[in-house]
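Subject: Structure handover

Hi,

Here is the structure I promised you.

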Amino acid sequence: MCKISQCFASKMKLNLQLVLNSNNTSFTLATKSIEQTSSVWAHEYAHNLFENEIRQQFGEEITNILKAHLSKYHELFADLIPVLWSNKGDVISTLLTTDDDMIKNLDHKKFAEDSWKEIEDTIAKKNKNIQKRNFLIEHTVPAYPDRGDMNGLVNYIDGNYSEPHQALSPTRSFIGKLLPSIKTENDKKQLIKTVKDAIIQEVQEEALILQKMQSGDTSDSLSEKYLQVIEKQEDIKRCNDDLIKRIKQSLLK
Ligand SMILES: [Zn+2]
């Protein structure tokens, strides 16, 4: 589960610094900070809801073992709530993006020319990653490389596709396309339930295998099944494809 410190604190600290460093604290920045605070809390609140749900479903012990695989689903669910609450598919990405206004408000004289370039590069890189949380953009991830394809593996790792906040970006795109038809409170509740149920189904097989293993089943077939589940969880494209398929199936019912 992402703690506020991991998800937002560095960004909020940067924003605060930008406000403090600026000679004239602008109203736009202050308004943005207030809006940001509400979305941040909606995100963190959603983490809590999701964690409770998972713990009820699978129990404490299994949830703790599943933690690494669950983190990407956690972040998707936690981004979905502020998106629905604000009716803005890009609420999280916009609020986390360091925009020109903020950069303009920095006291440029405080930074040496060299470090300024470095700051700009870091901001540009962060902004690019943050866009992966925008539900209104089409996102894709490549398939996991074949066994033995070391170059492919290195590129895949460099691409950071499994980073929990970014991993399910294609699912975000899919949900983004549903947003125009989500109009009422009931539509929103229904979508939240659909996504939550699809996620639970996604991790259910792994949870069941772990439960069997814990009750003493050490059969080869179970170990083989477990390896397959682990492989699938590393293949981010498959995780997205499967989750989208489950959401689609549930919407058709
Ligand atoms: Zn988070």
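Start with lysine 232. Lysine 232 is partly exposed, because 17 other C-beta atoms lie within 10 Å, and a residue needs 20 or more to count as buried. Bear in mind that this is a predicted model. Lysine 232 sits in helix α9, which covers residues 220-234. Leaving aside residues up to four places away in sequence, lysine 232 touches Arg238 and Cys239. Tyrosine 144 is 88 residues away from lysine 232 in sequence, yet the C-alpha to C-alpha distance is 9.1 Å.

Next, the partner of that helix. Helix α8 spans residues 185-214, and its axis comes within 10 Å of the axis of α9. The two axes cross at roughly 145 degrees. The crossing of α8 past α9 is left-handed. Which residues make the contact? From α8 come Glu205, Glu206, Ile209, Lys212 and Met213. From α9 come Leu222, Lys225, Tyr226 and Val229. Five residues of this contact are nonpolar, four are charged and none is polar.

Now helix α10, residues 236-252. α10 has 17 residues and reaches 24 Å from its first C-alpha to its last, close to the 24 Å expected at 1.5 Å a residue. Buried in α10 are Ile236, Cys239, Asn240, Leu243 and Ile247. Seen down the axis, the buried residues of α10 fall within an arc of 95 degrees, so they line one face of the helix. What do the buried residues of α10 pack against? They pack against α7 (169-178), α8 and α9. The face of α10 turned away from the buried side carries Gln249 and Leu252, both exposed.

The overall picture is quickly told. The protein has 10 helices and zero strands. Of its 253 residues, 26% count as buried. Take the contacts with a separation of 6 or more: residues 24 or more positions apart account for 81% of them.

Helix α2 covers residues 27-86 and holds tyrosine 45. Is tyrosine 45 buried or partly exposed? Tyrosine 45 is partly exposed, as 14 other C-beta atoms lie within 10 Å. Proline 82 is 37 residues from tyrosine 45 in sequence and 9.6 Å from it in space, C-alpha to C-alpha.

Last, two asparagines to look at in the loops. Most residues other than glycine have a negative phi. Asparagine 87 has a positive phi, near 60 degrees, and is not a glycine. Asparagine 87 lies in the loop between α2 and α3 (91-96). Why does asparagine 87 count as exposed? Asparagine 87 has 11 other C-beta atoms within 10 Å, and the exposed class takes residues with 12 or fewer.

Asparagine 160 also has a positive phi, about 60 degrees. Asparagine 160 lies in the loop between α6 (150-158) and α7. With 12 C-beta neighbours inside 10 Å, asparagine 160 counts as exposed.

Best wishes

Methods. Residues numbered from 1 in each chain as written. Predicted model: local features only at pLDDT ≥ 70, side-chain atom pairs only at ≥ 80, totals over all residues. Helix = DSSP H or I, 4+ residues; strand = E, 2+ residues; numbered from the N terminus. Contact = placed C-beta atoms within 7 Å. Axes fitted to C-alpha atoms, helices over the stretch in contact; angles between N-to-C directions. Left-handed = near helix turned anticlockwise from the far one by under 90°. Nonpolar A, V, L, I, M, F, W, Y, C, P; charged D, E, K, R; others polar. Expected span 1.5 Å × (residues − 1). Arc of directions from axis to C-beta.
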